[in-house]
Amino acid sequence: MANSKYINNLTLPTFMKKGFYLLLLSLLCITPGCKDKKELTNEYNIVPLPNHLVPKDGRFILNNDVAIVAENCPSGVDTIIHNFIGKIDETSGIKLKFDNSTSTPDKGTIVFKSEPTLADEAYNLSITPNQITLTASKPNGFFYGVQTLYQLLPPAVYGTKLDKRANWSIPCVEIEDAPRFTYRGMMLDVCRHFSSVEYVKKFIDMLAMHKMNTFHWHLTDDQGWRIEIKKYPELTSIGSNRKETLIDYYYTNYPQIFDGKPVSGYYTQEEIKDIVAYAAQKYITVVPEIEMPGHATAALAAYPQLSCNPDTTYEVTGTWGIFEEVYCPKEETFEFLEGVIDEVVELFPSSYIHVGGDECLKVAWENCEHCQALINKLGLKDDTTPNPVDGKLHTKEEKLQSYVITRMEKYINSKGKNIIGWDEILEGGLAPNATVMSWRGIEGGVTAAKQGHNAIMTPMPYMYLDFYQEDPETAPTTIGGYVTLKNTYTFNPFEDDADELVKKHIIGVQGNIWTEYMQTEDRRDYQAFPKVTAIAETAWTNNSNKNWNDYCKRMEEEFERLEVLGVNACRNYFDVNVNTKVIDNQLYVMLECFNPSAEIRYTTDGNTPTRYSTLYTKPFVLDGNIDLKAAAFKDGKIIGEVRHKPLYGNLISGKPFTTNINIGWSKGDIWDENDKLNGDTITMGLTNGKRGNNASYIPWTYFKMDENNKELIFTVELDKTTPISKIVFGSLYNPAYRALPVGGITIETSVNGNDYNVITKEVFDRQYPEKGKKAYTDTISFQPTDAKFVRLTFPSGGVLKNGVDFHSTTLPETVQASVYMDGIEIY
């Protein structure tokens, strides 16, 4: 700039002046601020997907000349408009004008227009190069339309910083949109681990962004009472505090190990009012959950007289599970619960109060004189024939729970509210006006719907966000299971041809965030996102419009938004999932990345893959032992983590087998009724080329041992008579979960399947760790022997003592250790 005067005073011929200034202009425009903006391709990366969307050519340009007009809009829309104007100003510097006068033709206009014929939450959005028209009948419809507008803008709109480099334009489109379900919720457990007010508001923001309308707030449980009740101050002075918390997974150690760190926290009534008001601004209803009659340990620690054993001193527990400490259904208890409800209904405008009702053990009631007298007084008896509603036999104590729930429902109804309860409230008879939240699969919801009761589908495993969502070897400890983003997305509450009562009374879906293993708010983010987006799409988008591949395409930009918002989402979307599967009698390696724009490259020698490594195009046969490393690439760069998975191709890879003991609850790569790890019923975790690990029970195959079954016999047929000389297998040490590694092995071979010869027999003398669990891999080598059939006999690892090695209230003093096997290999 020091030479600018000199340049300005140059005397040059006219043609040279013109050429000089053109050159100067071109040089100046090389700078980033003068670059021509890249022409954008119209994309519609909206989550959840609108139910009717027609792409159009062109874009609407946001600038300082754009005016916003509101035509006959209902109360509350002005606030939505002002918030939109503020967000655009904050992130782009563009100052939109809210002017109800008619705009001049040469200015762009955003029109908010009322249309009473639209459903309450519906909206229409028409975007042309000259005008945006957002139409709705109610404020929440306008709010959802604005959420769609935000998602059509650059991800920077979700930030708090000015970004003038972003392209502040909106693709033209015609959208007609309304939700599939009226209840679209997420539950956050703040009892196991407390969430700050700031985090709760952030969580509400994320729900609103994805057009969810219900925040289910789990406020009381065995591990902490988190809501101020002024009539009962000790609920928070005592019940909100615990002295320590369990370390590691629940079944890793016995006795369990604790961290020795006190935990406390609760929400004052003023904080609750603030959060409820904040949610209301986002058109989200807050539904409080006050657990009864079970999950009451924290309350009983404060008021032990409400239990069946009032002379007992209770402590707020720092471990997980289900506890025998429950409310005793006496008048004093009902007075207490009614007092709590009196204050709760004043804090929450919601038409619902959630009463829990789940996992209430009946041991205390079975041994309580008052409870048994009440059962007799009420004339409750054990069923002798199945209940005609659910086809099950119910005990008199289960019917007593129904009495408790029904009585509390009547009181809550008298306050102008209805109850929601977990599906256990079906047991012994359903309260008249109750809504059922179906978590143990979908059966409870369907049963309630067929009775004419409303139901909300929140089934495990699909809607439980505390399960593993990526390979457990690479993930933080969770409660278990394995449910990928894909599994969650594919859940459908009911099919199109479902019973009409089912369609009418299943009013929505909900995801649940149980926080036993989510110690920090970052961990809560990690487990919740991006799965919340998948649940939101199930809740909003008609099932016929959902498409997994299309969702994945839209999620790439969604991750950009989550990053701008500071959400610590699980990024398995950018990683490679490694699976094996039998196809045409051969075991294949299958690699998958959810990001559709990524390519997968891999190596089999343990080296980190590069852009020049082998490109994965289809499954390949597992041939021998490989040290697989795989990564997703985009534009030649790794976009996620490098996944390392040694695989062990051997003579029985992919082969079917027989065992003398039926496979139990853990079936290798198969979880629950769903094929979660793309495993199959042929290998069942034993001949799938993978080995077990210490991270999770998922890869292990479970065999229950007892006095009649003290050894596991595994038999497999090879392709042809072949010399074999080595057996490799894995078994798990985990006495807290009643598991020991096998005590030895007997190897037998046969060429005809009838006559077997013993090749070798070994007994293992192991040195176990002092605590925790450990995966053992044993290798047995011997002289080459021809075999067509191989039979392996594994004796149990021994006997375990109840109260010493493990704890159970239902098992005897000693039990035969069960066996978890994985990765049987023959070479």
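Helices (H or I, at least four residues) and strands (E, at least two) are DSSP runs, numbered from the N terminus. The model is predicted: local features need pLDDT of at least 70, side-chain atom pairs count only at pLDDT 80 or more, and totals for chains, interfaces and linings use all residues. Residues are numbered from 1 along each chain as its sequence is written, and side-chain values use heavy atoms, with hydrogens and water left out.

View A. Neighbours within four places in sequence aside, Thr236 is in contact (heavy atoms within 4.5 Å) with Trp225, Ile227, Glu228, Asn241 and Tyr266. From C-alpha to C-alpha, Trp225 and Thr236 are 6.3 Å apart in space and 11 residues apart in sequence. A polar atom of the Thr236 side chain lies 3.1 Å from the backbone oxygen of Pro233.

**View B. Glu470 in the loop between strand S16 (455-457) and helix H14 (485-489).** Glu470 counts as buried because its relative accessibility is 3%. Its side chain makes a polar contact with the side chain of Arg643 at 3.1 Å (a polar contact is a pair of N or O atoms within 3.5 Å; within protein, one must be able to donate a hydrogen and the other to accept it, and residues adjacent in sequence count only if both atoms are side-chain atoms). Residues up to four places away in sequence not counted, Glu470 touches Ala475, Pro476, Tyr482, Tyr526, Cys570, Asn572, Asp575 and Arg643.

**View C. Packing of helix H3 (residues 77-92) against helix H4 (residues 139-152).** The two helices pack at an angle of about 15 degrees, with axes 9 Å apart, and H3 and H4 are therefore roughly parallel to each other (angles under 35 degrees count as roughly parallel, over 145 as roughly antiparallel, 65 to 115 as roughly perpendicular and the rest as oblique). Val77, Ile80, Asn83, Phe84 and Lys87 in H3 meet Pro139, Phe142, Phe143, Val146, Leu149 and Tyr150 in H4.

**View D. Backbone geometry at Pro48 and Lys211.** A cis peptide bond, with omega about 5 degrees, joins Val47 and Pro48. Pro48 is placed in the loop between helix H2 (14-28) and strand S1 (53-61). Lys211, although not a glycine, has a positive phi of about 65 degrees; Lys211 lies in the loop between helix H5 (197-209) and strand S9 (214-218).

Terms used: Buried means under 20% relative accessible area, exposed over 50%, partly exposed in between (1.4 Å probe, protein chains only). Axes are lines fitted to C-alpha atoms, for helices over the stretch in contact, and angles run from 0 to 180 degrees between N-to-C directions.
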